[in-house]
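This report walks through one protein model, from its overall layout to single bonds. Keep the sequence and the 3D view open while reading.

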Amino acid sequence: MRPAKPTRWAVTLLSCLTCIGLAAGPAAAQEAYKAELDALRKAMEKYQDYKVAVRDLYLSTVGCVHYSGEKMAHHMDYPKGAMGVHFVNVTIAGPPDPMKPNVLIYEPVGKELKLVAVEWLVPLTPDLKARPSLFGQPFMGPMEGHEPLIPKEYVHYDLHMWLFKPNPLGLFSPTNPDVNCTDADFGLLEAPTKHRHGP
Ligand SMILES: [Cu+2]
């Protein structure tokens with residue numbers, strides 16, 4: 001599946017970053033991009049059923065990722081909280097498409113999986129000339145892959161968006177303190193002691 005060509009509004013959106021979002025911060029960006037966020041939420045709604053996501057090739061990476069808030073060497077500083085279970089679609093490639101995130105994130109609640117967030121994951125490649133941005137929000141990174149689920153060598157940028165569950169730390173915070181992995185069959189705490197260090 002080839003990524004869809006950016007629509008006119010997406011191009012306008014990308015070229016207009018400096019005029020609104022960056023200077024004004026995430027809350028204002030949320031306001032400025034309200035129509036786009038609503039359109040994205042509508043497009044992603046069908047994935048509240050994880051089986052629909054799997055059929056569209058968003059595949060589960062199983063572990064429910066959460067963070068203690070402790071600083072980790074070679075890692076971004078992630079505030080205490082969880083991301084959840086990432087479902088990754090490797091058939092979506094190319095520049096990040098605001099209407100087509102390549103990752104969906106679910107929180108295990110009881111015996112169910114609740115769609116809570118979407119994420120754009122962009123590998124650092126020689127043709128990538130600048131830090132990607134969407135919705136007036138610069139991506140985090142570049143950072144190493146998050147072991148044990150992503151190899152350390154997979155250097156990338158990413159942007160999380162809590163489209164279906166409010167996040168007190170902000171719409172674009174990488175972690176959400178209101179999401180937890182206590183109901184997950186496979187919890188995966190990324191903490192300093194669990195991180196593989198060099199030889
Ligand atoms: Cu994530």
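## Terms and basis

Buried means under 20% relative accessible area, exposed means over 50%, and partly exposed lies in between (1.4 Å probe, protein chains only). The model is predicted: local features need pLDDT of at least 70, side-chain atom pairs count only at pLDDT 80 or more, and totals for chains, interfaces and linings use all residues. Residues are numbered from 1 along each chain as its sequence is written, and side-chain values use heavy atoms, with hydrogens and water left out.

## Overall layout

The protein chain has four helices and nine strands. Helices (H or I, at least four residues) and strands (E, at least two) are DSSP runs, numbered from the N terminus. Along the sequence the order is α-α-α-α-β-β-β-β-β-β-β-β-β.

Of the 199 residues in the protein chain, 42% are buried. Among contacts (heavy atoms within 4.5 Å) with a separation of 6 or more, 59% join residues 24 or more positions apart. The protein chain exposes about 10,600 Å². Carbon and sulfur atoms supply 60% of that area. Accessible areas come from the Shrake-Rupley method with a 1.4 Å probe; for residues, only the protein chains shown count as cover.

## Backbone exceptions

Most residues other than glycine have a negative phi, and most peptide bonds are trans. Which peptide bonds are cis here? One runs from glycine 141 to proline 142, with omega near 0°. Proline 142 sits in strand β7 (residues 140-143). Another runs from glutamate 147 to proline 148, with omega near 5°. Proline 148 is in the loop between β7 and β8 (156-161).

Leucine 57 has a phi of about 70°. Its place is the loop between α4 (50-55) and β1 (59-67). Leucine 57 is partly exposed, at 39% relative accessible area. Phenylalanine 135 has a positive phi near 50°. This residue lies in the loop between β5 (133-134) and β6 (137-138). Phenylalanine 135 is buried, at 0% relative accessibility.

Which residues of helix α3 (residues 34-44) are buried? They are Glu36, Leu37, Leu40 and Met44. These residues cover an arc of only 100° around the axis, so they lie on the same side of α3. The arc is that of the directions from the helix axis to the C-beta atoms. The face turned away from the buried side carries the exposed residues Ala35 and Lys42.

## The disulfide

The whole structure contains one disulfide (a pair of cysteine sulfur atoms within 2.5 Å). Cysteine 64 and cysteine 181 form the disulfide, with sulfur atoms 2.0 Å apart. Cysteine 64 lies in strand β1 and cysteine 181 in the loop between β8 and β9 (187-190), so the pair ties together parts that are 117 residues apart in sequence. The torsion about the S-S bond is about -75°, so the disulfide is left-handed.

Are the two cysteines buried or exposed? Cysteine 64 is buried, at 0% relative accessibility. Cysteine 181 is buried too, at 9%.

## Salt bridges

Side chains of opposite charge can pair when their charged atoms come close. A salt bridge is a side-chain nitrogen of Lys or Arg within 4 Å of a carboxyl oxygen of Asp or Glu. The structure holds seven salt bridges. One of them joins aspartate 38 and arginine 41, at 3.1 Å from N to O. Aspartate 38 and arginine 41 are three residues apart in helix α3, so about one helical turn separates them. Aspartate 38 is partly exposed at 33%, and arginine 41 is partly exposed at 26%.

Aspartate 56 pairs with lysine 46, the closest N and O atoms being 3.9 Å apart. This pair links distant parts of the chain, 10 residues apart: aspartate 56 is in the loop between α4 and β1, and lysine 46 in the loop between α3 and α4. Lysine 165 pairs with glutamate 107 at 2.9 Å between the closest N and O atoms. Here the partners are 58 residues apart, with lysine 165 in the loop between β8 and β9 and glutamate 107 in strand β3 (residues 103-109). Lysine 165 is partly exposed at 21%, whereas glutamate 107 is buried at 5%. Salt bridges with shared partners also join Lys34, Asp38 and Arg41 into one network.
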